[in-house]
Structure formats: C-alpha cells, structure tokens
Amino acid sequence: MARRILFLGPPGAGKGTQAAMLSRALHIPHISTGAMLRDAVATGTELGRKVESVMAAGDLVSDDLVVAIVDERINQSDANCGYLLDGFPRTIAQAEALNDAVVNAIGTVVLLEADTDELVARLLKRAEEEGRADDNETTIRRRLEVYHSETEPLIDFYGDAVIRVDGMGSIEEVFARIMLGLAAN
Ligand code: ADP
C-alpha cells in the first residue's frame, strides 16, 4: 500500500531535516513545497517571480499555486508507492484540496513540536548559516503567527491521524521518536 506521511509543525521544528531522513529510510520521495518554491525563485521561473515577495515577507503563497505544484508532483511516477509531504498542507483549504485529489490522502501526520524560544533560536542560527531570505527576526515572527492562525487548525482537522513528536533534543533523538511513533501507529 502506498505510504503517505504528512509533516506538520511550526517553522524551525525540524520538519525538513527529519523528513529528509525519513524519506531515505522509507524510500519514498520527500516533497517540500518550501524547497520547490525556493527553487522556482532561484531559477527565476514565472512561478518564482509570482511568489518571491510573498515568501520574503513570511506570508503564505496562494492556495491555488501551491495546490497546483503539489498535484503535479504527487502524480509523478516516483510517488506511486507513497511520499512524504513537508510544508503542505498549510491551510484547511489545502488539506481539503489534497483530500479531493487523492483517495486515502492522509496516512500518518507527524506533528513536530518545540518551544517558541527554541524555534526562534534555531531560525536565527539558520539565518546566519544559510542566509535564507525569509530567516530574519521580523519574518520569523510573522511565520510563527501565520503558523498559529492558518496551520495549527490542521491538528484538529486530522484528529486521530496525528502522531505528536517532541522536536526538542538532538536530530537523532527526534528521528528515533518519529520511528517509534510510526511503528506504534
Ligand atoms: P518554514 O521553514 O518556515 O517551515 P518552508 O521552507 O516550508 O518554511 O516554506 C517557506 C515559505 O514558502 C513559507 O513561509 C511560504 O511563504 C511558502 N510556502 C511553503 N509551503 C507553502 C504552502 N503549503 N502554502 C503556502 N505557502 C507555502
């Protein structure tokens, strides 16, 4: 059966890192909307030009644009046996679009959690190391606000499909918790 895993959690919780590790362990593609959008901006595609300023402000790209890129990606052949979605869905409308597009869209939802102080500290550190356009203090606060208002409601939306994982601790510790949570599910 196709295995579908969704990663949910605030910016800085470690979704990207953990999703990449889990993707290698389970041999299913890691689909990150943030990475796809950053790629579009970097290569200067039409999509990239449309989303650049929205992303730099820490706001969400419109549902239509994101749903279209995810829809195209999950229909590629390497996603036949499943996939891991990181950063999508981020709004109730996106989650509904995913349910409409895919039968049994939700396998397991991994909710990664961490304290706000820790999130801000990690994102500021990443800002120094990677220089991502949206990793500055003002934008980080905006992204956390957007997470609370737009994305957090998905925890109730997905209800029993959600596995809560403590994202505090080392990368290996958190990964072990995710593997344990999935095995028990
Ligand atoms: P973060 O590290 O803040 O969780 P991501 O790398 O997942 O960020 O996404 C970076 C930015 O890309 C978001 O702040 C938003 O502007 C845009 N983005 C990514 N995924 C989505 C989505 N599903 N819906 C709308 N915008 C998105």
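**The chain as a whole**

The structure is a predicted model, and its secondary structure comes to nine helices and five strands. Read from the N terminus on, these elements follow one another in the order β-α-β-α-α-α-β-α-β-α-α-α-β-α. The chain has a radius of gyration of 16 Å, which is close to the 16 Å that the globule rule gives for 185 residues, so the chain is as compact as a globular protein of that length. Taken along the principal axes, the box filled by the C-alpha atoms is roughly 40 × 35 × 30 Å.

**The surroundings of the ligand**

The ligand takes up the space of the largest pocket. There are 19 residues around the ligand, and those that come nearest are Thr 33, Arg 38, Asp 59, Gln 94 and Arg 143. Helix H2, which covers residues 33-43, gives the most to the shell, with four residues.

| Residue and part | Ligand atom | Distance |
|---|---|---|
| Lys 15, side-chain N or O atom | oxygen | 3.3 Å |
| Val 61, backbone N or O atom | nitrogen | 3.1 Å |
| Arg 90, polar side-chain atom | nitrogen | 3.2 Å |

How much of the area that the ligand exposes when taken alone is buried by the protein? Taken alone the ligand exposes 550 Å², and the protein buries 96% of that.

Phe 88 and Pro 89, however, are joined by a cis peptide bond, with an omega of about -5°. Pro 89 is found in the loop between strand S3, residues 82-86, and helix H5, residues 92-101.

The other spot is His 27, which is not a glycine and yet has a positive phi of about 55°. His 27 has its place in the loop between helix H1, residues 15-26, and strand S2, residues 30-32.

Methods: Residues numbered from 1 in each chain as written. Predicted model: local features only at pLDDT ≥ 70, side-chain atom pairs only at ≥ 80, totals over all residues. Heavy atoms only, no water. Near = heavy atom within 4 Å. Polar contact = N/O pair within 3.5 Å; in protein donor to acceptor, adjacent residues only side chain to side chain. Areas by Shrake-Rupley, 256 points an atom, 1.4 Å probe, with all protein chains shown as cover. 1 Å grid on protein atoms, 1.4 Å probe; cavity = no way out; pocket = protein on both sides within 12 Å on 5 of 7 lines; lining within 4 Å. Sits in = over half its atoms within 2 Å of the grid points. Helix = DSSP H or I, 4+ residues; strand = E, 2+ residues; numbered from the N terminus. Rg over C-alpha atoms; globule rule 2.2 N^0.38 Å.
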